[in-house]
Amino acid sequence: MVFSYKSDLVLKVNTILIVLAISSKVTGYKNTSLTMEPIYWCKFEVFGKVQGVFFRKYTEKQANILGVRGWCKNTKDGTVKGELEGPLGPLNEMKHWLQTEGSPCSKIEKVIFSQTIESDSYRFNGFVIRD
């Protein structure tokens with residue numbers, strides 16, 4: 001079978017696009033240039049037994065699994081607060097996780113979220129724990 005230069009190039013481009021699509025699913029990164037979803041942002045504060053129970057570490061892990069960006073930190077008042085940003089689906093999954101799961105030894109009493117606002121672009125490169 002003989003391929004022309006153009007058909008061989010099309011085949012290579014299609015292969016690259018497939019590899020990019022698969023790698024974005026494997027890494028959990030859900031907002032690639034191939035699928036530009038709107039980005040949403042909100043603040044949060046979690047009340048209860050959320051310090052000394054690895055709450056921030058589990059929050060960072062869950063955010064990375066969902067592809068949500070932002071940060072969290074302990075406060076002097078014994079809460080954990082932070083910011084979240086990402087596509088609406090993963091952002092809502094993260095909000096639900098903060099309200100219902102947290103770390104295994106945490107006891108979540110309540111979570112307050114700011115209004116969820118659509119954003120033009122990402123502010124954060126990933127999810128981090130701040131001091």
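Which residues of helix 2 are buried? They are Phe55, Thr59, Glu60, Gln62, Ala63 and Leu66. Buried means under 20% relative accessible area, exposed means over 50%, and partly exposed lies in between (1.4 Å probe, protein chains only).

## Model and conventions

This is a predicted model, in which local features need pLDDT of at least 70, side-chain atom pairs count only at pLDDT 80 or more, and totals for chains, interfaces and linings use all residues. Residues are numbered from 1 along each chain as its sequence is written, and side-chain values use heavy atoms, with hydrogens and water left out.

## Overall fold

The protein chain has three helices and six strands. Their order along the sequence is α-β-α-β-β-α-β-β-β. Helices (H or I, at least four residues) and strands (E, at least two) are DSSP runs, numbered from the N terminus.

Of the 131 residues in the protein chain, 37% are buried. A contact means heavy atoms within 4.5 Å. Take the contacts between residues at least 6 apart in sequence: 76% of them join residues at least 24 apart.

## Helix 2

Helix 2 covers residues 55–66, twelve in number. From first C-alpha to last it reaches 16 Å, close to the 16 Å expected at 1.5 Å a residue. The expected span is 1.5 Å times one less than the number of residues. An α-helix has 3.6 residues a turn, so residues three or four places apart point the same way.

What do the buried residues of helix 2 pack against? Their partners are strand 1 (39–49), strand 2 (69–74), strand 3 (80–86), helix 3 (88–100), strand 4 (107–113) and strand 6 (127–129). Glutamate 60 sits in this helix. It counts as buried because its relative accessibility is 18%. Beyond its neighbours within four places in sequence, glutamate 60 contacts Phe127, Val128 and Ile129. The C-alpha atoms of glutamate 60 and phenylalanine 127 are 6.1 Å apart, although 67 residues separate them along the chain.

Phenylalanine 54, in the loop between strand 1 and helix 2, has phi near 60°, a positive value in a residue other than glycine. Phenylalanine 54 is exposed, at 62% relative accessible area. Glycine 67 follows helix 2, with a positive phi near 80°.

## The annotated active site

An unreviewed UniProt entry places the feature "active site" at Arg56 and Asn74. These positions spread over 19 residues of sequence yet cluster in space, with a largest C-alpha distance of 7.8 Å. UniProt positions are given in the numbering used here, feature names are shortened, and annotations may be inferred rather than shown by experiment.

Arginine 56 belongs to helix 2, and asparagine 74 to strand 2. Arginine 56 is partly exposed because its relative accessibility is 25%. Asparagine 74 is partly exposed because its value is 28%. Their side chains make a polar contact of 3.4 Å. A polar contact is a pair of N or O atoms within 3.5 Å; within protein, one must be able to donate a hydrogen and the other to accept it, and residues adjacent in sequence count only if both atoms are side-chain atoms. Not counting residues up to four places away in sequence, arginine 56 touches Cys72, Lys73, Asn74, Val80, Ile129 and Arg130.

## Threonine 79

Threonine 79 lies in the loop between strand 2 and strand 3. Buried or exposed? Threonine 79 counts as buried, at 4% relative accessibility. Its side chain makes polar contacts with the side chains of glutamate 45 (2.7 Å) and threonine 75 (2.6 Å). Setting aside neighbours within four places, its contacts include Phe47, Lys73 and Asn74.

## Cysteines

How many disulfides does a search of the whole structure find? It finds zero. A disulfide here is a pair of cysteine sulfur atoms within 2.5 Å. Cysteine 42 is buried at 0% relative accessibility, and cysteine 72 is buried at 0%.
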